[in-house]
Amino acid sequence: MHMPEERSTRHAHFNLNYHLVFTPKDRRRSFSGPSRDRLMEIFTATCTEREWKVLGMEVMPDHVHVFVSCPPKWAPSDIAKILKGVSARLLLQDFPALRRCGHLWTNAYYVGSAGKISADVIQRYIANQRKHQVDDDDV
């Protein structure tokens, strides 16, 4: 996990960090085992290709948290659209059983922005998500 830091491009110095949360259609429990691992790979590769820095990520069975630092040319809505679009295409291709409702993700998402101070809090929150999860196996 990376600490948020000031970054720069040729034209800008920035510290823009976004906490994004996505949920599968009908809040299905879609992500466990291989599909969870594949989704994390897809998000990581998608971010790396665009020079977005993943500061934290947790994939729960029925929702996903991604904490990412992006240059100012990327609007949060575009970040969400790209992450959801690329992951849906590749996951539905790799795991046809996820096609049950046609779409992988709901249209909605959450995005919050964070600077240096609140980034610590968000990273701890995301890291603690799995500890509070009750899996079907545990019930």
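**Strand S5 and its partners**

Seven bridges join strand S4 (residues 53-60) to S5 in an antiparallel arrangement. Strands are DSSP runs of E of at least two residues, helices DSSP runs of H or I of at least four, both numbered from the N terminus. Two strands count as paired if DSSP finds at least two bridges between them. The model is predicted: local features need pLDDT of at least 70, side-chain atom pairs count only at pLDDT 80 or more, and totals for chains, interfaces and linings use all residues. Residues are numbered from 1 along each chain as its sequence is written, and side-chain values use heavy atoms, with hydrogens and water left out.

S4 and S5 form a hairpin with two residues between them. Within this pairing, Lys-53 stands opposite Ser-69 in S5. Strand S3 (residues 17-22) also pairs with S5, antiparallel, over six bridges. Here Leu-20 faces Val-66.

S5 spans residues 63-69, and seven of its seven residues are buried, so the strand is largely enclosed by the rest of the structure. Buried means under 20% relative accessible area (1.4 Å probe, protein chains only). In a regular strand the side chains alternate between the two faces of the sheet. His-63, His-65, Phe-67 and Ser-69 point one way from S5. Val-64, Val-66 and Val-68 point the other way.

The protein chain has three helices and six strands, in the order β-β-β-α-β-β-α-β-α. Of its 139 residues, 47% count as buried. Among contacts (heavy atoms within 4.5 Å) with a separation of 6 or more, 73% link residues 24 or more positions apart.

Definitions and conventions: Buried < 20%, exposed > 50% of the residue type's maximum accessible area, 1.4 Å probe, protein only.
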